[in-house]
Amino acid sequence: MNILLLGPPGAGKGTQGERLADRLGLRKIATGDVLRAAVREGTEQGRNAKAYMDRGELVPDEVILGIMKEALAEPECARGVILDGVVRTVPQAEGLQRVLAELGRKLDVVLLFDVEEDELVSRLSSRTICDSCQTPYSGLPPGETCEKCGGTLVRRKDDEPNAVRTRMRAYRDQTAPVVEWYRQRAEGSGTNGARLVPVKATGPVDEITERVLRDLGR
Ligand code: AP5
């Protein structure tokens with residue numbers, strides 16, 4: 001099963017993506033994690049992406065399409081993937097469709113995360129992430145230890161208020177139209193498109209996971 005997680009910054013895509021990948025036994029691909037790893041390693045891709053990411057802007061489509069293509073071709077992805085934040089513009093949605101078709105696959109489900117903007121801003125201002133495995137935490141200060149891998153918790157530069165505002169704007173202007181793109185091609189519209197599943201992504205994390213699994217019939 002190939003599942004795309006679509007939703008604004010801070011909606012819980014990373015949190016739920018990790019859990020869904022564990023429960024469904026699927027590989028997770030998160031373009032944000034791939035890019036942050038490239039920045040840490042100082043690769044050319046990382047050096048090019050860093051300025052966009054720090055400002056809270058989207059990195060260019062061709063960079064994302066390259067990551068998508070490479071990751072999806074890996075053998076561990078053959079039985080399905082959880083795609084976290086991999087599509088944020090219409091050209092990326094078209095690109096994903098093309099890459100999957102070349103591999104003889106298709107997108108099965110789009111999970112549409114919904115959370116009020118005030119809640120998103122509050123979540124991002126109190127978030128830290130593990131600098132090693134990228135697990136997000138809420139309310140634990142930088143410098144604490146990751147309970148999963150022993151890495152150190154850090155604050156993301158793009159969780160500063162200015163960058164958060166830019167990310168919200170990028171979501172509204174560039175990513176929200178992607179929802180409509182999928183809606184027009186959804187299952188039942190005669191286009192063999194993906195099933196759209198709305199996710200009310202507030203409340204206890206475990207309950208959200210269980211609700212999503214139920215909606216997926218698992
Ligand atoms: P990325 O890392 O993907 O950032 P994002 O989409 O802005 O999403 P976040 O990681 O901020 O939030 P999330 O929805 O994963 O929520 P999380 O689970 O962490 O991308 C970063 C940057 O990379 C982009 O800005 C762009 O520059 C670039 N990029 C990446 N992909 C790209 C693409 N396809 N095209 C172009 N550029 C791209 O949760 C947030 C917080 O809330 C955490 O603290 C968590 O513990 C907490 N939380 C989670 N669930 C709950 C809950 N139910 N209740 C209370 N708190 C909760």
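Predicted model: local features only at pLDDT ≥ 70, side-chain atom pairs only at ≥ 80, totals over all residues.
The ligand comes first. It is surrounded by 34 residues, and the closest are Thr15, Glu57, Arg88, Arg127 and Arg167. By class, this shell holds 15 nonpolar, 10 polar and 9 charged residues. A backbone N or O atom of Gly12 lies 3.0 Å from a ligand oxygen atom. At Gly85, a polar backbone atom is 3.0 Å from a nitrogen atom of the ligand. Arg127 uses its side chain instead: a polar atom there lies 2.7 Å from an oxygen atom of the ligand. On its own, the ligand has 1,000 Å² of accessible area, and the protein covers 92% of this. Several elements give two or more residues to the shell, namely α1 (13-24), α2, α6 (117-125), β6 (136-138) and α8 (205-215). Helix α2 gives the most, with 4 residues.

Helix α2 spans residues 31-41 and includes Arg36. Its buried residues are Thr31, Gly32, Asp33, Leu35, Arg36, Ala37 and Ala38. The cover over these buried residues includes two strands that can be named here, β2 (27-30) and β3 (81-84). Helices α3 (44-55) and α4 (61-72) also belong to this cover, as does strand β5. Just after α2, Gly42 takes a positive phi of about 70°.

Arg36 deserves a separate look. Why does Arg36 count as buried? Its relative accessible area is 16%, and the cut-off for a buried residue is under 20%. Beyond its neighbours within four places in sequence, Arg36 is in contact with Met53, Ile129, Gln134 and Arg156. With Gln134 the link is also polar: a contact of 3.0 Å joins the two side chains.

Ile129 belongs to strand β5, and Gln134 sits in the hairpin of β5 and β6. That hairpin has 5 residues between the strands, and Gln134 takes a positive phi near 75°. The sheet itself is open and has 3 strands in the order β6-β5-β7, with antiparallel pairing. Strands β6 and β7 (153-154) stand at the edges, each with a single partner strand, so one side of each has no neighbour in the sheet.

Strand β5 covers residues 127-130 and is joined to β6 by 3 bridges. Arg127 has Ser138 as its bridge partner in β6. Thr128 stands opposite Tyr137, also in β6. The pairing of β5 with β7 is antiparallel too, over 2 bridges. There, Ile129 has Val154 of β7 as its bridge partner.

The side chains of a regular strand alternate between the two faces of the sheet.

Thr166 is found in helix α7, residues 161-184. Its relative accessible area is 16%, so Thr166 is buried. Apart from residues up to four places away in sequence, Thr166 touches Arg55, Gly56 and Glu57.

Definitions and conventions:
Residues numbered from 1 in each chain as written. Heavy atoms only, no water. Buried < 20%, exposed > 50% of the residue type's maximum accessible area, 1.4 Å probe, protein only. Polar contact = N/O pair within 3.5 Å; in protein donor to acceptor, adjacent residues only side chain to side chain. Contact = heavy atoms within 4.5 Å. Near = heavy atom within 4 Å. Areas by Shrake-Rupley, 256 points an atom, 1.4 Å probe, with all protein chains shown as cover. Nonpolar A, V, L, I, M, F, W, Y, C, P; charged D, E, K, R; others polar. Pairing = 2+ DSSP bridges.
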